[in-house]
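Please look through the structure shown below before reading the notes that follow it. The briefing starts with a term that is needed later and then moves from the whole chain to single residues.

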Amino acid sequence: MRKSDRDILDVFVKNRKEGVRMLFDRYYRPLVLYAGSLIDDDTMAEDLVQEFFVRLWEDDYLKHIEEKALSSYLFSSVRNSCYTYTHKKDVLRRRVDYTAIDVAADTATVLNQEIVDRVTTVIARMPEQTRKVVDCVLMRDMKYQDAADELQVSLNTVKTLLRNGMRILREELKGDEELILLLILSKSLGD
């Protein structure tokens, strides 16, 4: 016989281990399916739901929750975990800290001079102000405000020109592995 949410919460208060097991048995699969529909990655969906159950095990989140709110709480928590995961993944995809990435020696030997030449050529063809901003921010690792001060333009102009420069690089170098190209851009050309 399937236990009600009230039964599960009562057991949780008395015996957390048994309560979490009952909660897991009842909600794990639906939560994984829900998470999978939000992030379109079944393996990561399982990981996020498992991490959520670990947090339930470690903390007293459920001690004061009402029976009527349990299901909503579980699904909302998993949804929030998925959104946090997606947001972090998107932030990492949009902004790579080029100076913090250290190209290993064996990877560096794979990097092709032809690609370096292509990157250099693309940068050289950029409009003058865009080229200067790309040089300041990516090559010389200047902060946006420092680049704006040096070039005597506004901070928003630096951001816009850098975004335009990155768009040009992506378009011109389409088909190549962007991460490697950007590593070359930030390391090899900056030396």
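A residue counts as buried when its relative accessible area is under 20%, as exposed when that area is over 50%, and as partly exposed in between. With this cut-off in hand, V133 counts as buried, because its relative accessibility is 0%. The model discussed here is a predicted one, and every value below was computed from it.

**The chain as a whole**

- The secondary structure of the chain comes to 10 helices and zero strands, so that, read from the N terminus on, the elements run α-α-α-α-α-α-α-α-α-α.
- Of the 191 residues in the chain, 32% are buried.
- The chain exposes about 12,100 Å², and carbon and sulfur atoms supply 50% of this area.

- The axes of helix 1 (residues 5-14) and helix 2 come within 6 Å of each other and cross at roughly 150°.
- Because angles over 145 degrees count as roughly antiparallel, helix 1 and helix 2 are roughly antiparallel to each other.
- On the side of helix 1, the residues that meet helix 2 are D5, D7, I8, V11, F12 and K14, and their partners in helix 2 are R16, E18, G19, V20, M22, L23, R26 and Y27.
- Sorted by type, the residues of this contact between helix 1 and helix 2 divide into seven nonpolar, one polar and six charged.
- S4 has its place in the segment before helix 1, and with a relative accessible area of 29% S4 is partly exposed.
- Although S4 and R26 are 22 residues apart along the chain, their C-alpha atoms are separated by 9.4 Å.

**Helix 2 and helix 3**

- Helix 2 (residues 16-39) and helix 3 (residues 42-58) have axes that come within 8 Å and cross at roughly 150°.
- That angle makes helix 2 roughly antiparallel to helix 3, and the crossing in which helix 2 passes helix 3 is right-handed.
- The residues of the contact of helix 2 with helix 3 divide into 16 nonpolar, two polar and six charged.

**S81 in helix 4**

- S81 lies in helix 4 (residues 67-94), and S81 is buried because its relative accessible area is 13%, which is under 20%.
- If its neighbours within four places in sequence are left aside, S81 is in contact with L48 and R55.

**K132 and V133 in helix 7**

- K132 lies in helix 7 (residues 128-139), and V133 lies in helix 7 as well.
- Are these residues buried or partly exposed? K132 counts as partly exposed at 33% relative accessibility, whereas V133 counts as buried at 0%.
- The C-alpha atoms of K132 and E150 are separated by 10.0 Å, while along the chain the two residues are 18 residues apart.
- The C-alpha atoms of V133 and R163 are separated by 9.8 Å, while along the chain these two are 30 residues apart.
- Which residues is V133 in contact with, leaving aside its neighbours within four places in sequence? They are L138, L151, V158, L161 and L162.

- The axes of helix 8 (residues 144-151) and helix 9 (residues 155-172) come within 8 Å and cross at roughly 105°.
- Since angles of 65 to 115 degrees count as roughly perpendicular, helix 8 is roughly perpendicular to helix 9.
- In this contact Y144, Q145, A147 and A148 of helix 8 meet L155, V158, K159 and L162 of helix 9, and the residues involved divide into six nonpolar, one polar and one charged.
- V158 and L162, which belong to the contact of helix 9 with helix 8, are also among the residues that V133 is in contact with.
- Q152 is found in the loop between helix 8 and helix 9, and Q152 is exposed, with a relative accessible area of 74%.
- Most residues other than glycine have a negative phi. Q152, however, has a positive phi of about 55° although it is not a glycine.

Note on methods
Residues are numbered from 1 along each chain as its sequence is written. This is a predicted model: local features need pLDDT of at least 70, side-chain atom pairs count only at pLDDT 80 or more; totals for chains, interfaces and linings use all residues. Side-chain values use heavy atoms; hydrogens and water are left out. Axes are lines fitted to C-alpha atoms, for helices over the stretch in contact, and angles run from 0 to 180 degrees between N-to-C directions. Helices (H or I, at least four residues) and strands (E, at least two) are DSSP runs, numbered from the N terminus. Angles under 35 degrees count as roughly parallel, over 145 as roughly antiparallel, 65 to 115 as roughly perpendicular and the rest as oblique. A crossing is left-handed if the near helix is turned anticlockwise from the far one by less than a right angle, and right-handed if clockwise. Ala, Val, Leu, Ile, Met, Phe, Trp, Tyr, Cys and Pro count as nonpolar, Asp, Glu, Lys and Arg as charged, and the others, Gly among them, as polar. Buried means under 20% relative accessible area, exposed over 50%, partly exposed in between (1.4 Å probe, protein chains only). Accessible areas come from the Shrake-Rupley method with a 1.4 Å probe; for residues, only the protein chains shown count as cover. Contact means heavy atoms within 4.5 Å.
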